[in-house]
Amino acid sequence: SARRLFQSPRSATGADCPAGGSSVVSVKMGLSSAAEIDGAQLCIFDLRRGQQEGQELDKILFFHPADCPILLQLSVIGLCEGIITFTRIFSPEDDCEVIESDKHCHVFYQAEPDIWMVLVVQKIKDNESTLRFGALQGILKESHSLFAMFHGPIRTLLDRQPSAEFARGHLHTFVTDYLSDFSVGKKLQLPTYRDSLTERGTVQMLTVSREVALEVQSLTTVLGSCLRNVICQSIVLFEDLLVSTTLPLDDTLNLYTYAILRLTPSALSSNGNSWSYLRKGGYVNADTTLSSANGAAAAERYNSRSRDTSPGGQNQMHHNFRPLQREKLSKGKDGFVAADFATTEIRGAVPLNPILWFHQAEERMYLCVYQHKNLTILLVIPASSLINGEEGIAHVKRHLLENASQNIVTVEQKLSRGWGGENAYHVGGYRYILSDPNRKVSRASPPGKVITLSKDSLLALNRLRGEIDLEKSRAKRSDPTHDKDYEVCIRAKNNAWIIAKISRGKELYMAIEKGGETLLYASTAVEKFSNRYCEGAFSAD
Amino acid sequence: QFSAGGIVKLPKFEMVMSKSEANNKPVLAAADVHIVTVYGRIYCLQLDRVGMALNLYRFYRDAVVQQGTLPVYSSRIAVSAVDNIIMVHQIDAKVVILYDVFMDSYAPISAPLPLLVRGLASNSKQAAQPADQQSSAYGGTLYGEGWNFLIPDLICDAENGLLWKLHLDLEAIAASTSDAPSILEFLQRRKSDLSMVKTLSLAIVRTTILERRPITLVAKAMDIILDSYSRSMKTVGGAAGVRRTSEQNQQSSFQPVEDSRVVSQEPPGTMIGPVINTDSASGVESRQSQSNSGVEHGIANLAAHVDRSSLNTSSDSDGITNTSRAVSQATSSSQISDATGKRPQVVGEDSQPLASGTSMQHGTHVASVAISPIEMVQSVFVLVEDEMMGDPAYLIAVIMEFLRSLSKAGLKAPPDLYVMMTALLACSNRYAEIALFVSNKILEPSRELAMQLIELGRQHSLTRKLGVDMLRERCLHHDYVAALLQDGYYLEALRYARKYKVITVQPSLFLEEAVAKNSTPNLAAVLSFFAELTPSFKTTLDYSRYRHILLEMV
């Protein structure tokens, strides 16, 4: 298959690579120079730009680390472009997803037509493969969809301003802020086999009783009526778990992800920590100088040109709108989480409440976040219904405090009472992840329990998940409408049972370390789990 | 010596009252003290002329407790009680203010006072006119000089020789206020005119929804209805019937209200007799005309001749014992004092502060007043649905509140409601919420709902999956296998059919799928599977047909 064509550096530098001459050169450069760079690289580039020789630099929209020499950046992107072009010969329908070489792993993601994100990860010298490309691609997907939520699609930004300074400025601040979550010192710490019982790009739900669910729904109704004429959408979270949403799947996922990263009580409290850390490390300071200066100028230009755009355009006009910047977010005395974006803005009046783009609703929305104890409420207000922006939001906030406070307190109390703590979804003896990729929902053993697994189990699990990912995408290519069922049980080196089961689109992965000897034991263990916790979804037919 | 006791003297007054329980003759003698029985409790209303207020005391077994104060707008007042409603007649102003003291609230039920005054003006005209036309004997005015107010709900017009009986025109009361929750509360407590209460209540809920009143208000309204339903369900169950009859006998001796309700329900002709037939009919008519005109303020006067002897004889000859007792008791003032005199004794028998009688009444009659969830769905949501299609979000929110009320009252919603709700959500493209509600069981699983989800799945395949999963979880094996087959998962369906011994699904359906997938080995496998499962299968037409197809494929 074209997807996994390159298993060794020898074949990657193969002379019959059909890309242009410069690409071949960069292939060699890329591989040699990438090896010199410590840690991971992430680049975003646009294949529609810089197609003439000498203008290759124009392709690059983002490169991490930012202090990487331009030549090296070009070589990495050149390699990637070459591979993309090459693999399209064999598989015009499906994108190239990953190349594995001896020392590196290139993970591809076509975020928007011809806009690619590539993550280059150095392999740790180990006999076992510790990375799972699906997990790495998850990072690319997540960062892109979050970016698009706040700034709109990259292509739109590029179309509006062909010089792309503006898009670059935003990508730079946004993705850098995003990656700061992964950075340890100067390196990026990307997901490894230790994270094989997590699934990026899924929502974790709180299980509530019917009675409480109805109570929450009644709160949602009150929240929805914060504006007189239009219904406001809302998402309710308890701790880091989703309780209810009125938004479509994708938008829910994006907002949920954002909330988990920055808005929930635990995220907010760690905001403070990382702030102090960042100050000490001085990590962000190093690379903000050059391009943010450009960005500022571009923003200024843009601002004057598109003054008359709809109010929703405001995010775009302010280069220092950084929704992922931890230190700017804090919970106010009134219970609303506010972002302090406006500090250095010349023109002032940066929206305190970010505006979101929802791709399903195709509407721009204000985001308003309210927090009561462990309950986080994300209220989404259609921008078109607020004529006077900030003032309108202040009105909505007042309305919320006046009408919903009682409901919020009740709901919080009921949820707290029913909340089983962070180990609520622990199932003794099992370490599992249960996910439904269609509905983008997952539930997993608490992290504190997963770390008790031995390295062998985790490695085996990681490997198994990788294999299943591969199988799934193969099956999807042959018949996209038909769900194929899988079941794999393996006995790992340490005698643990590693099990994967996919049934009618739902997936279950688990590790059982202190299990019995026989395969029968493993399958009854799955059966039991399925009947008790999955409503029989994985029970054998 | 306690008459006209001022506000200042209240504590002293209280003591006097408790003494009067044993010997209440002075109470009756004083024109400013009225005794009414509502909800089986005895209240004493004492007019404070100086303070222009009516003090309300409740008689407990061993204490008298002041409950509240009602304002008075007239120097002369009279008090009646109809269907557990205290009526305070403001004679000078010719108004009646209605109080429902069940929940210890002392606010008037219906409209604020100005509205009431307007209602009276028209009432005096409207009520009088038909009576004039019909009987042409009654020339007196309402609240005329000759009016004697007899407890509980009769008015004796000595000048014209007429006996009036007070009724509540629930429709008019309901129309006079826009506070839906409180009027529903009021209606649900009424025991007269049960079908009227029901239709009125349903109509009120419907209009609040159609008028898109705030959700919280609608929620409160539905809370009240379901609350009263679940209460009635609790009291109806058990051996209430046996106790009821004995209690009723006991009550009828001291509670004419109970019996007079029977009177009002029966056709006037058979009830009171031929002599007064015309009058009582005219009363009904006047009542209708009043409610049609919509300005009547809530009290219909049913005319009856005060001719005591004719009344007694006619009712005796009819042999309706309850009626005769009620009327005869009420008509003679001496008997009234008898009746009131009996009350303390009955009170003494009950160890509770007169509450047991109330609960019995509820138990026997609320069942028909109360509106079941199914009735709510049928005569509110189904009727409202078409008109609300423009704004499904509002109706969804209303149904959600209804479900919440249901769960609070421990009641189940009919599956139709869930089906309707899913349809509403789907037509506003809120599929994600359908999934959420199915997963947190707000939409309770049922076969109907599963089928609806599968139906909606034509537009949204994930929703179909929800429906199919629901079939499996509900162990609806046949439907599940059929659904799997429809999706082309014939091998999975076959495995499932084997495990759960589903033999109701036609083998040809499986075979057809296998043929459609053009898979020779699978078709052969399916064929042999059925041949083994059901020995008679080999003799069927299907077998030979698909065997033929199989041979051709090979």
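Me: Where is Pro65(A) in chain A?

Reply: Start with the elements: helices (H or I, at least four residues) and strands (E, at least two) are DSSP runs, numbered from the N terminus. Pro65(A) sits in the loop between β2 (60-64) and α3 (70-90) of chain A. The peptide bond leading from His64(A) into Pro65(A) is cis, with omega near 0°.

Me: What should I know about the model and the numbering?

Reply: This is a predicted model: local features need pLDDT of at least 70, side-chain atom pairs count only at pLDDT 80 or more, and totals for chains, interfaces and linings use all residues. Residues are numbered from 1 along each chain as its sequence is written, chains are lettered from A and ligands numbered from 1 in the order in which they are written, and side-chain values use heavy atoms, with hydrogens and water left out.

Me: What is the strand order in the open sheet of six strands?

Reply: Two strands pair if DSSP finds at least two bridges between them. Here the order is β8-β17-β16-β20-β19-β18 (chain A), with mixed pairing. β8 (203-204) and β18 (486-491) of chain A are the edge strands, each pairing on one side only. Further in, β16 (residues 431-436) and β20 (residues 506-512) of chain A run antiparallel over five bridges. Ser435(A), for one, has Glu507(A) in β20(A) as its bridge partner.

Me: Is Lys373(A) buried or exposed?

Reply: Buried means under 20% relative accessible area, exposed over 50%, partly exposed in between (1.4 Å probe, protein chains only). Lys373(A) is exposed, at 56%. Its phi is near 50°, a positive value in a residue other than glycine, and Lys373(A) lies in the loop between β14 (363-372) and β15 (375-382) of chain A.
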